[in-house]
Amino acid sequence: MLTTPPLRGTPPCKATVCTHLWHDFCYISDDEISKDFAMPEMQQERDGRRFFAGNFGDARLKKTGALLHEQMVIKQKVCLRQLGENRAGEVRFGRFFANDQVSVEKLVEGVCEGINLRSAGRHVLAIEDTSEVNYQKHAKRVSGLGTVGNGSDLGFFIHPLLVVDANVGDCLGLAHMKLWQRTQGKAANYKSLPIEKKESWRWIETFQLGKKRLSSAQKITLVADREADIYEMWDRLPDERTHLLIRACRDRALVTADGRTLFDWIGAQTVQGSYWIDLPATHERSAHKALIHVRFGAVSIKKPSHCSDRNASAHVSLNVIEAVEDASTVVGKEERICWRLLTTHAVTNLEEARQCIEWYCMRWTIEQAFRTIKSQGLNLESSLIEEASRLEKLAVMATSAAVQVMQLTLAREGKTLRPATDVFTAAEIEVLHHIQPTLEGKQRSKESPCARHACLGRLDDCPLGRLEGIRQRTETRSHHDAPWLAGILFNSSGMGSGSRNFDRKQ
Ligand SMILES: [Mn+2]
C-alpha cells in the first residue's frame, strides 16, 4: 500500500519532461485514489487494457491471461520461460495457451476491448494489413503450420485492424484481427471464385467485424496498401460514416474520359500544387528532400470484367490523387516517388489532397506494429511453442502487447497526447506524481493552468541518474505496480527511432 498522501501544493506547469507524464498539471483527487486503493480488484476490472487479455469463462484463466499480457509488455518478449520467470510460471503460461477455453476468438475479443470507448466521437483511421509469421527455422519441431509468402516456408498470417486517431495520429488500439494458415495451393478456378472464397476476403471481413467495435466513432476511414485495391471493397464498404483511402494497385477502366485509363487520365491533369517533403531512408531509397507535385480529380471507375460479384454496381465514383516526385530531386538511379491514392473522401483542393496523403502516411503505424511484433521487438518468430494453434494465440497477445509498447514509445517521444490513464493505473500515476518534482528540477514554474489531467509524455530528456532514482523510489513506494512501472521506465525499447541512446546504456 502507498502510505504517502497525494501530491499537494502548487502544481507544476508547462510541458515538463518527466517519465511518461506530461503535465499541464496533474492531480488525482482523493476520491479517485481511495477508490483504487480500497478496491484493487475493481481497479483491475476497470483497467480493460493493461490487465486484460480476455474472459475465458474462468477467473483463473482471466488472471493468468492478464498477467501474461502484462509480462509481455514489460519484457517485450514472447519466450514463456522468460515471461514466467521460473519453471512454475513457464508451465502456468504454457497451460494457458494449451487450454481450449482460451481460443483465438476470445483473445481477439479481449485485446480489442475498450476500443469503442477510446474511439468515441473521433474520426479514426482503421488501418489494416497482412504480415506473415515465419517459423521455417523451427519447421522440424512445430506441427500444424501452413505455408507463407514464398510458398515453401512454414508459418501463418496475421491481419490486424489498427485504429489511429485521424487528427493527431494517436494509436488507439486494435479493433479486430484475423489469423489464417495457407494449407492448399490456389484452385484452378481461383480467379472466378466469389470474393468470399478468396484469401482477399480478409480485407472486407476484417474491416466489417472491426467496424462493429467502432460504433461510437464519429467517422471511420479505412486505410490500406495496394493489395486492398479490390473493386468489391469500393462497391460494398463506403457509407455516410465510412470512407476508404487505398493506394491504387492497377490501372482501371474509366466510365468517361475518352477511353482513357485511370493512370493515364490522372497523369494528364495539370499539377494543382507542389510541396517539399523529407523522405526517410527505406531499403529502396536514400533519405532526401523531395519536391512533390500533386494532381487530383473525380473519376468513375468501371466494374472490372473479371469481377465475380454479379450484383456489384456497374461503376463507382471516387477521387484520385497522384503525388509524383520532381525528376530533379530523385537521388541517382533510385525510383521516383509515385503514389496514386483512391478515396471516397472529397478532394476538391490541394489541402484536402494533402490531408489524404498525410492519412495514408499514417499507415506507417501498422508497419511499425509488425516490426515491434517481430525482430525489432517481441521476436514472435523465435517462440519455442511447438503447436500451431498455440502459436496463433501467442500471436494475438503479442500483437496487442506490441501495440501497447508502441503507444508508450510514441508517448515517450512526445508525439501523442493520450491520457496517462490509458496505460497507468491511478496508483501508478500517483507514484509518478511523487517523483515528478525531483525530475522537473528547475523547469518547474509557479504559474499553472490548473487543468486536471495527466498525459503520457516523454522520457528521453531525462538524465539517467535521475531515472535510477525513480526506479528505487518506485520500487519502495509502489506495491504491486512497481515491476510494471520499472519495466516501462527502463525497458521500453522495441521501436526503431525511439530506442536510441537511452536503452543502449541500460
Ligand atoms: Mn500489405
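In β6, Cys-171 is the bridge partner of Val-164. The model is predicted: local features need pLDDT of at least 70, side-chain atom pairs count only at pLDDT 80 or more, and totals for chains, interfaces and linings use all residues. Residues are numbered from 1 along each chain as its sequence is written.

**Exercise 1.** Determine which strands pair with β5 and in which sense.

Solution. 
- Strands are DSSP runs of E, at least two residues, numbered from the N terminus; two strands pair if DSSP finds at least two bridges between them.
- Strand β2 (residues 123-128) pairs with β5 in the antiparallel sense over five bridges, with Leu-125 opposite Val-164.
- Strand β3 (residues 131-134) is antiparallel to β5 over four bridges, and Glu-132 stands opposite Phe-157.
- Strand β4 (residues 146-147) pairs antiparallel with β5 over two bridges; Gly-146 faces Gly-155.
- Strand β6 (residues 171-180) runs antiparallel to β5, joined by eight bridges.

**Exercise 2.** State how many residues of β5 are buried.

Solution. 
- A residue is buried if 20 or more other C-beta atoms, placed from the backbone, lie within 10 Å of its own.
- By this count, ten of the twelve residues of β5 (residues 154-165) are buried, and the strand is mostly covered.

**Exercise 3.** Find the glycine with positive phi in each hairpin of β5.

Solution. 
- The β4 and β5 hairpin has six residues between the strands; there Gly-151 has a positive phi near 85 degrees.
- The β5 and β6 hairpin has five residues between the strands, and Gly-169 takes a positive phi near 80 degrees.
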